Structures are given as structure tokens and as C-alpha cells.
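Q: I am new to this structure. Please take a close look at a single part of it, then lead me on from there to how chains meet.

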Amino acid sequence: MTLADIFVAFCFLLGGAAAFFTAFHPNILYAAISLIGSLVAVAGLYGALGADFLAAAQLIIYVGGILIVILFAVMMSEDIYKRRFFEGAKKYIFPVLAAALVFGGLAKVTLDADWSVATKPDFEPTARAMGWALVGPYALVFQYVVVLLAGLIGAVIIARPATKMQKFTDDEGDN
Amino acid sequence: MLQEFGNALSFVLLAAILPPLILFIGKFFRPSFPHEGKLTTYECGELPVGSAYVMFNNRFYLVAIVFLVFDVEVALLFPVLMLFREAIEIGGPAISQVFALSFAFLGVLFVGLVYEWKTGDIDWVRDAVDRREHLETLEKGSSK
Amino acid sequence: MAGLATHLPAYLIFSLVLFSFGLVAALARRSAIGIFMGVELMLNGAALNFVAFQALRKGVIANDNWLHGHIFSLFIIILAAIEAAVALAIVLRVFGTRQTIDADRSDELRG
Amino acid sequence: MSLAEFLSGINYFIAHLFGTGLPMAVFSILSAVIVLLLFAMPVGGFCTYLERKVAADFQERIGPNRVGPLGLLQFFSDGIKMFLKEDSISKNADRWIYNFAPSLVMAGSFGAFAAVPFSAYMIGADLDIGIFYAMALGSLVSLGVLLGAWSSDNKWSLIGGMRGAAQIVSYEIPLGIAVLSVITICGSMNMHTLVAQQAWPTAGGEGHFWNVFHNPFMIINFFIYFTAALAECNRTPFDLPEAESELVSGFNTEFSGMRFGLYALSEFADVILFACIATAIFLGGWHVPFFNLQSINLGLSIGELDLSPLIQSVLMIGVFLFKVSVLVFVVMWLRWTLPRLRVDQLMNLCWKYLIPISFFNLIGVAIWTWAFSGRSMLQLLGQLLGVY
């Protein structure tokens, strides 16, 4: 057992526990915060698999970007200070069953499959190869930026304050 | 490479456990005289009124959304612009490929920024402008 | 536990765990943001799969010096970011008009 | 070569004495301990003293002068004071997040020190994506600020935290684009390679001198980086998250004693970190004009162990830290020179000035690099004059 194994096991535990809380914690803010655990664990696993650029990109985009936006959304729209308790236990029955079914089926397929052709990750720098792929065969992925633009404009149009009248309340100010 | 990952990891782990460690060690040295007054929220001596979770100007949210898109852009450009020097040395179509693709990318997002600039979505004071316009329309309405 | 770091099924099962919990969150959460977080978890599980295959089944894929798995994961991350921008903008708008983001109660199309 | 490998030179002696050496993991932890506990924390603490002293000089006061000679040990006594203070958490605070947030901030600002190249042989982790790694960890700070502010159930904190998060994320973009232009010039993300390319140009050599003098656009880029970095570490004139005249103490209002100390420490560590990175990627790291420190070789050695890396390292660290301290001094100078911006000015500066300017700078840098095959102004001048 090497240190890498211990690290990977730690990431599995952290990510699994955090994912559990994301799914089941009654307080939505705690769910969002435990999402940090899952994302960081996945970034750690990327590192363990030799994908250094992806690990950093996961941190920079997911943790530094998406999660901030999620937290802003939670803080601006939910009654987080009223601690919600597990009111919807009934609501969880069907989803848990469905997820268990999916998990069981796919886990069986995974474990039954033949994974004998396995290699060790080679810890080579990946960023350069990814760059060449992004301007070569995967140029279309790189130019997916058009969708980024559409997303940007769409999101801003949707989130923009609805009417001028609606904002005419003096209590909010420019804080 | 794996060794370098390990080095970086030891930095992050040490930095993350420092605060709890320091606070834990401090537990044995620091005094503890709990008092009702110390447990209240600090509001310059006044008793806090209402909840701290006030509604926010959703400008913050708009900025965060715009940031998200540009963040992706910066992160994606890193591996591509890294090839610039190498492509110059290779010569031929490689350099124009890298240049055209990466600046098409930048250009498209710049169009987005210009659009937002024109529509005023990145103006923080837009509310104030709206308010003034609204007041003007009110005045016009009352003078009629 | 020896060799866990290079054991492909372990990664696959873990990403399946993320996917399943994400599914639970996406189906069971009342609030739209909770649903969104579930979707994020599912996307993460899928992205991890790509990288695990790329790293631990090298040589099985044709022309694998292009790092197909990494590119696909990057693609998923980009998509997730755009999705976050649009989805959360919609959430904020829904909250602005209805004062709730309970997905079960937001069943009208009128704004 | 990373610091851990450098330290494992000790392993040679240990193995010599006891027959077997230590595993590398010990040395990577040791390198983290050296950089964080022996460099970042004391220097971050020392900066608190320096700030008061600089402020006093600007305002024609004396400043701290009681503890130790010239008050030099003031930061030490401040640290002990904070360490011994009572730890009171407000009743309404959300304890889990309240305890967890400082860890995030510290991991973000201290963990990124792994990518700082102090000398050619001493870098915490010689990652291929060094600079990108530092930026990635830096994005944890905004999360820590936001969560810490939210958890303390205080109006000042929440307003400060929201401002802080919005400000830090916004300024990450001009910062990133400024770094991208450096990447375009140097063609690598590895901190070691980035610094090695900034050597004094010689005939047929790789170096093109400091990146900031590479071409006219880079000078503007350096200012963009510096401005964005000021905003990233919430320094005046961008200290809106903790504007003391309007928000008491901003996002850390409810953090008392050592918890406040940790926040303050990580802020100063952030200042030092950004100064270090600016030094490494713009101001040539350990390189000095006219001379390459790496060519010094006194021929000293103990047994088979060559001592010249050690001697070079001492000189390089000296040069590096001198540049860093100049930048840190400028940061403190600005604090007592410029007034605070308003929120709308802050956002306008970022989105309407810095980002468009840095966009066009990046294009300019790319065109320069293409047109002159990556040669810098100095190299072109040398060619013109026929120096090499």
C-alpha cells in the first residue's frame, strides 16, 4: 500500500460522504457546502490519475466559479436561516429506490466486465498535449465558445432586473 | 511528476490543517469566561434588529454569472496559448491555426462583453439611473 | 487496499456513487438549486469516468496521445459552467416573480 | 528541482551514517513546513509590523517602538496576544461553517506558495502547470471569505463578504489574462521555466530578460496584474470587503482572537504571494541584469555533494526577496496614498477598463511574439547594435 493508495482512498471517502450530504442534508446551504467536498475529491482523483491540468481546471471553474454562483443563488433566494428539517421523507422513497436500482445494475455490469487490459497512469505533463488536441482534432470543442456566448447573453438577459419599476425600492441600495 | 503532486498536496494539507491545529493548541492556554453579552452579534453596541440575512442587490449575482463565463474562457486559453512559442518554431500552418483559433475564441467573448456594455448590464449604478429616470417620469406625470 | 490508485473498477464504482447520489438529489430535492446540485454531481461522476479510462486503459483507445478522456472531461466542465450560468439565472428570475424556488410549486408558465 | 529534492541532499548524509535514508514523503512535508511555517507565517506577521511602521512614517509618527529594538518584535507579541485571547463565538453563528471557513482561506493563500520559485533549486512543487495551480488555489479564497461572512450572522459581515466574493472573482479575469500574456511569451506554465527564460540575453542563449520589458504591451500588463492583485488581496484602494469606516471590519467582524489573526495572516500571506508571483513571472525572479547567477561556481563540495547550488540559492533567494519586498512596500505605500473606491467604481474599473485593455494587450503580445519570433525589445536592440 503506497501513499497514493491512501490518498485515493481518502478522496473516495470524502467524495462519497460529501455526495451523501449533498443529496440528503435538509439544509440546502449545507448541501451546497458539502458539494465542495465532492468537487475537491474529484479534483484530487484527477491528480491521482495524472490529469494535472484538469485537476486545476476543476478547482478554478467548479470550486471558484460554479460553486460561488450556487452559493450566491442560495443566499439570495432561499430561507436558509429557517433551518429546514427532513420534511420530505416520503419524497425520498422513490428517488432512492430508482438510484439504488441504477447503482445496482451499473455496479453489476462494472464488476462483471473484464478489466484485464489495464495500464498504470503515466505521470506526463498533460497541458501541452491537451492544447494540441484543442487546436487540432478537437477544435470544435474549443470553438464551443459560441455556446458560451449564447449562454452568457441568455443568462444576463434572464437574470436582469425585470422592470425599472420593480427596482424602485429604496431599501436595498448599492451594497 | 507524482513526487511533485505529493509536494503540492503536502503544502495544501498543511495549510488547511493549520487553523484547526492552532486553535486546538490555543485551547489549553486561552482563558474562557463566557458571558451572555459576548455571545450576541456585534452591531456597535446596539441590540441587533431583525435577521442578518438581508436581501441583496442582484447585481452581485449578475456579476458572478458573467464572471463564470469569462473564467471558463481564461482557463481554456491557458493550454492553447502555451503552444504559441512552440508553434512559431514549428512554422507553417501551426502558428496561424493557434493564432486564429485562440483569437476567434477571445473575439467572440469580447462581443459578449461589448453587448453587455451596450445594454448596461455590467453597470453597477444602473439602478440609480433607473431611479432617476423613474423620478423624472413621475414628475412629468404630476405636472400634467 | 493495495493498488487502489490504479484499480479501474474502484474509480468506476466511485463515479457511480456520485452519479447515484446526484440522481437522488435531482429527483428528490424540492428547491431548484438542489436539483441543479444533483445534476452537477452526476456530471462530475461522468467526467471522472472519462479520465479514469484514459489513464488506466491507455493503449486500448486508438490515437490516445490526443488525451480524448481529458478533453471530454474538460468539455463537461465547460458545459457545466454554461449550464450553471443559465440555470441559476432562471432560478433567480423564478424567485423574483414567485418568491419561491420550490420546483413543485412553480408549475405555471406565465411569468 | 523542487525543494523536497533539494532537501533530500540531506538524505545522502543520513544514508551515509545509518545505512538507510528517509522516504521522500518526509522531505516533501519538510519542504512545506519550511516554506509555510518558517517563511510565509513569520513574514506575513512581520508585514503587520511593517505596515504600522510605514503608516507611521507617512503620517510623521513613530509607530511601534517598544517591543525589541525599533519595535521589531511587535508582531511577535501581537501574535502571542491573539493566541492567548478568549475564543468567543457569537450565539447565532453557524459553528460548522464558522470553523471551516478559515481553513479554506488558508489553504487558498498558503497552499499556493508551493508554486513560488525562490531559487533555481527551491520551489515547493515543480509542477508542469505551476502558475495555473497557483491561480486555481487562489479561487478558494473567495469561497472562504463568502462562507466565513455568511456563517457569522452579522449584517456587516454579510455585506463585506458579498462584496469580497464579487470583487475577488471579478478581478480574477484581468489577472488571468495578464498571466496568459506571460504564457504566450514563454510557452510554458512551469514556474521554473518561466523564470529561467528571463535571464540576461546572451549570444545564442534562451534568455530574453525580464518579461515586463519584453515588449511595450507587457509593461501595461504588469500594471494590470498589479492592480488586479491588489483587488484580489483586498488591499486599499480596493478594501471594500473590510471598509472599516462603513462596515466595522467587513467580512471578519465576528472573528475574534486567533481566528481574526488567521484571517489577517492569510491576507498578508496573499499580498506576499502575489508579490512573489509578480516577481517570478514579470520581474525576472532571481535574475539580475548583466549577469547570470546560475553560472557562479566556486568549486566547493563536501564529499560528492556539490555545494554550489547552495551558494547560488542563497544569492538567488536574496535577489528574489529583495524584489518581493519592494513590491510589498509599494502595496503599503498605496494604502496611505489612495482613497477607497466605491463599489460601482470598482466594478467599472474591472469590467470597463482592465478587461478590455488586457484583451487588446494579449492580442498585441501575441502579434509581437509572432512578428519577432519571440524576441524581446532588448534582444532586438542587441541584434541591431550587433552586440551578439
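A: Start with B:Asn7. This residue sits in helix H1 of chain B, which covers residues 2-26. Keep in mind that the model is predicted. Is B:Asn7 buried or exposed? B:Asn7 is buried, because 27 other C-beta atoms lie within 10 Å, and the cut-off for buried is 20 or more. What does B:Asn7 touch, once neighbours within four places in sequence are set aside? Its contacts are in chain D: D:Ser2, D:Ala4, D:Ser28, D:Ser31, D:Ala114, D:Gly124 and D:Ala125.

Chain D also meets chain A. That contact draws 23 residues from chain D and 17 residues from chain A. On the chain D side, helix H6 (130-151), helix H7 (155-186) and helix H12 (343-371) each give at least two residues. H6(D) gives the largest share, with 12 residues. Sorted by class, the chain D side holds 19 nonpolar, 2 polar and 2 charged residues.

Now look at what H6(D) packs against. One partner is helix H3 of chain A, residues 52-77. The two axes are 8 Å apart and meet at an angle of about 20 degrees. Angles under 35 degrees count as roughly parallel, so H3(A) and H6(D) are roughly parallel to each other. Their crossing is left-handed. From H3(A), the residues that take part include A:Ala56, A:Leu59, A:Val63, A:Gly64 and A:Met75. From H6(D), they include D:Phe132, D:Tyr133, D:Ser139, D:Leu146 and D:Trp150. This helix pair brings together 17 nonpolar and 3 polar residues, with no charged ones.

Step back to chain A. It has 7 helices and 0 strands. From the N terminus, its elements read α-α-α-α-α-α-α. Chain A has 175 residues, and 45% of them count as buried. Take its contacts between residues at least 6 apart in sequence: 53% of these join residues at least 24 apart.

One more helix of chain A deserves a look. Helix H2 of chain A spans residues 28-48. How many of its 21 residues are buried? The count is 20, so H2(A) is mostly covered. Its length fits expectation too: at 1.5 Å a residue, its 21 residues should span 30 Å, and its end C-alpha atoms are 30 Å apart. Just after H2(A) comes A:Gly50, with a positive phi of about 85 degrees.

Notes
Residues numbered from 1 in each chain as written. Chains lettered and ligands numbered in written order. Predicted model: local features only at pLDDT ≥ 70, side-chain atom pairs only at ≥ 80, totals over all residues. Contact = placed C-beta atoms within 7 Å. Helix = DSSP H or I, 4+ residues; strand = E, 2+ residues; numbered from the N terminus. Nonpolar A, V, L, I, M, F, W, Y, C, P; charged D, E, K, R; others polar. Buried ≥ 20, exposed ≤ 12 C-beta atoms within 10 Å, placed from the backbone. Expected span 1.5 Å × (residues − 1). Axes fitted to C-alpha atoms, helices over the stretch in contact; angles between N-to-C directions. Parallel < 35°, antiparallel > 145°, perpendicular 65-115°, else oblique. Left-handed = near helix turned anticlockwise from the far one by under 90°.
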